[in-house]
Amino acid sequence: QVHLVESGGGLVQAGDSLRLSCAASGGTFSSLAMAWFRQAPGKEREFLVALNPSGTSASTASAVLDRFTISRDNAKKTADLQMNNLNSEDTAVYYCAARQRTWSNHNYYPHSSDYDYWGQGTQVTVSS
């Protein structure tokens with residue numbers, strides 16, 4: 001069983017940057033693909049970025065392509081989300097997710113059902 005805990009959320013101003021972190025425990029972190037999603041009030045959960053187990057292949061949603069970056073440290077068992085030039089539309093609860101099933105760099109995994117484990121979420125509020 002893999003346990004994920006997000007941290008780093010908070011209230012920021014439009015144009016600011018923020019870095020979220022996801023700490024994993026249990027399981028073998030270096031075999032997990034990691035991803036970040038978000039969910040704004042009244043909206044469906046939205047895929048943002050994903051990174052393969054080795055950290056060599058990432059996929060990013062077009063909506064955040066130029067602003068959000070995922071990274072991981074397999075030794076520390078963490079996966080971070082760097083968010084730049086935030087705006088009010090980025091206000092949401094941000095979730096870390098992990099996929100234990102086979103990962104192919106040739107496939108795209110943007111659905112919640114593609115992931116096996118979830119964190120509890122961390123709130124990001126962007127004030128304009």
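**Exercise 1.** Determine which residue a disulfide joins to Cys 22, and describe the bond.

*Solution.* Step 1: a disulfide (a pair of cysteine sulfur atoms within 2.5 Å) joins Cys 22 to Cys 96, with an S to S distance of 2.0 Å. The structure is a predicted model, in which local features need pLDDT of at least 70, side-chain atom pairs count only at pLDDT 80 or more, and totals for chains, interfaces and linings use all residues. Residues are numbered from 1 along each chain as its sequence is written, and side-chain values use heavy atoms, with hydrogens and water left out.

Step 2: a search of the whole structure finds 1 disulfide. Step 3: the torsion about the S-S bond of Cys 22 and Cys 96 is about -75°, so this disulfide is left-handed. Step 4: the pair links distant parts of the chain, since Cys 22 lies in strand β3 and Cys 96 in strand β9 (residues 92-99), 74 residues apart. Strands are DSSP runs of E, at least two residues long, numbered from the N terminus.

**Exercise 2.** State whether Cys 22 and Cys 96 are buried or exposed.

*Solution.* Both cysteines, Cys 22 and Cys 96, are buried; this term means under 20% relative accessible area, against over 50% for exposed and in between for partly exposed (1.4 Å probe, protein chains only).

**Exercise 3.** Describe the sheet that contains β3.

*Solution.* Step 1: the open sheet has 4 strands in the order β1-β3-β8-β7, with antiparallel pairing; two strands pair if DSSP finds at least two bridges between them. Step 2: β1 (3-7) and β7 (68-73) are the edge strands, each pairing on one side only. Step 3: β3 (residues 18-25) and β8 (residues 78-83) pair in the antiparallel sense over 6 bridges. Step 4: Arg 19 stands opposite Gln 82 in β8.
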